[in-house]
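The sequence and the three-dimensional structure are shown below, and the text follows them.

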Amino acid sequence: MKKALFVLLFAAVTMTAVMAQAAAEEDVLTVYAYDSFASDWGPAGTLIPAFEEETGIKVNLVSAGDAVEMISRVELEGEDTRADVILGITDDFAYRAYPYLESYDSPIISDIPEELRFDPENRLIPFDYGAFAFVWDSECGLDKPQSLSDLADPEYKDNVILIDPRTSSVGLGLLLWTYNIYGDGDEFVSWWEAMKENALTIADGWSSAYGLFTEGEAPIVLSYTTSPVYHVMNDNTTRYQALVFPEGHEATIEGIGIVKGTDMREEAEAFVDFILTEAQIDIAVANSMYPVNSAIELPEAFDYAPKPSVLFRSGATPQEKTEELQAKWLSIMTEND
């Protein structure tokens with residue numbers, strides 16, 4: 001009898017502990033974010049504690065890869081996803097995220113320029129933006145490329161680090177950029193055939209590509225016009241320069257959204273509003289991107305982040321066309337392999 005009573009008491013205590021843990025987890029806002037946001041050098045290290053202290057809301061930040069990997073994870077998890085908020089979905093992949101998100105008409109939206117708002121239903125709200133560009137090491141000894149066409153010159157053979165457009169929003173940005181410049185005909189094919197020869201490697205994502213660049217593996221890498229800001233602020237150098245081409249550049253806009261069916265709706269809204277206001281400077285500096293909130297004043301280091309005079313918006317390309325271009329790119333890059 002005593003043994004049975006002990007077992008019952010143990011079971012009761014265990015069940016109480018499990019229920020308490022579950023309740024505690026329910027009181028935590030789970031945010032899926034891209035890796036660089038959650039990394040040691042990203043803005044999360046200061047922003048998340050600041051948000052928690054200000055609001056009393058606990059945050060479980062999950063590093064979920066890049067934008068593509070994050071969406072794939074939410075798609076795979078479906079209704080069982082742990083995420084309450086997803087942060088870092090780019091406008092070119094927004095169509096994949098929309099089915100899993102709820103609309104939120106944040107009061108801060110009025111401070112975001114209309115040309116940056118890509119979702120009329122506000123399922124994804126912009127929080128920063130940038131323009132894709134090639135970054136050049138000015139101490140490499142090579143001539144400075146003046147256009148996309150210049151990059152296709154044999155002079156740059158094995159000197160360029162590219163990124164796969166199937167696994168990275170940055171890689172896709174270049175694919176759409178070349179489509180907006182060359183169309184999808186012979187010029188498009190010729191440029192990519194030349195870049196197949198000029199590419200030292202094709203990285204899976206931006207972090208690995210830029211890491212190879214800063215390690216000196218190649219003097220040119222696909223990145224953003226804002227990338228030099230990091231080096232000015234942290235390395236005190238203007239060695240790395242964003243190449244601005246007269247043909248124009250592809251813009252990218254990153255958004256934040258509230259996951260459909262969340263039990264933390266009020267807390268999620270508070271987090272979104274925080275990202276759109278107090279967090280804007282830290283995100284701009286850490287991500288080397290432009291803030292969307294028009295009321296934000298930027299540090300002088302952003303003088304080294306040139307804004308192209310012509311911008312194409314990645315999200316404006318239809319989904320079907322994007323998929324067609326990805327297939328065409330794969331065919332070009334694997335031909336004769």
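Which residues of helix 11 are buried? They are Ala268, Phe271, Val272, Asp273, Phe274, Ile275 and Leu276. Here buried means under 20% relative accessible area, exposed over 50%, and partly exposed in between, with a 1.4 Å probe and protein chains only.

The model is predicted: local features need pLDDT of at least 70, side-chain atom pairs count only at pLDDT 80 or more, and totals for chains, interfaces and linings use all residues. Residues are numbered from 1 along each chain as its sequence is written, and side-chain values use heavy atoms, with hydrogens and water left out.

Helices (H or I, at least four residues) and strands (E, at least two) are DSSP runs, numbered from the N terminus. The buried residues of helix 11 pack against strand 1 (28-33), helix 3, strand 3 (85-90), strand 5 (125-137), strand 10 (249-259) and helix 12; contact means heavy atoms within 4.5 Å.

After helix 3 comes glycine 56, with a positive phi near 80 degrees.

**Nonpolar core and buried positions**

In soluble globular proteins, nonpolar side chains tend to be buried together. In this model the largest nonpolar core has 99 residues; such a core is a set of buried Ala, Val, Leu, Ile, Met, Phe, Trp, Tyr and Cys residues joined through side-chain atoms within 4.5 Å. The residues with the most contacts inside this core are Ile86, Leu87, Phe134, Trp192, Ile256, Phe271 and Ile275. Not counting residues up to four places away in sequence, isoleucine 275 touches Leu87, Phe127, Ile256, Gln280 and Ile283.

Isoleucine 71 is found in helix 4 (residues 67-77). With residues up to four places away in sequence left out, isoleucine 71 touches Ile89, Phe93, Arg96 and Ala97. The C-alpha atoms of isoleucine 71 and histidine 231 are separated by 30 Å, and the two residues are 160 residues apart along the chain.

The table lists relative accessible areas.

| Residue | Relative accessible area | Class |
|---|---|---|
| Isoleucine 71 | 1% | buried |
| Tryptophan 192 | 1% | buried |
| Tryptophan 329 | 3% | buried |
| Glutamate 250 | 0% | buried |
| Aspartate 158 | 37% | partly exposed |
| Asparagine 236 | 71% | exposed |

**Aromatic pairs**

The whole structure contains 14 aromatic pairs. Rings of Phe, Tyr and Trp (its six-membered ring) pair if their centres lie within 6.5 Å; planes under 30 degrees apart count as stacked, over 60 as edge-to-face and the rest as tilted. Among the 14 aromatic pairs, tryptophan 192 and tryptophan 329 form an edge-to-face pair, 6.2 Å centre to centre with 90 degrees between the planes. Tryptophan 192 lies in helix 8 (residues 186-198) and tryptophan 329 in helix 13 (residues 319-334), so the pair ties together parts that are 137 residues apart in sequence. Ring pairs link Tyr182, Trp191, Trp192 and Trp329 into a cluster.

**Polar contacts and positive phi**

A polar contact is a pair of N or O atoms within 3.5 Å; within protein, one must be able to donate a hydrogen and the other to accept it, and residues adjacent in sequence count only if both atoms are side-chain atoms. Glutamate 102, in strand 4 (residues 101-102), makes such a contact through its side chain with the side chain of arginine 265 (2.7 Å). Glutamate 250 lies in strand 10, and a polar atom of its side chain lies 3.4 Å from the backbone nitrogen of tryptophan 177.

Aspartate 158, in the loop between helix 6 (148-151) and strand 6 (160-163), has a positive phi near 65 degrees although it is not a glycine. Asparagine 236, likewise not a glycine, has a positive phi of about 55 degrees and lies in the loop between helix 10 (228-235) and strand 9 (240-243).
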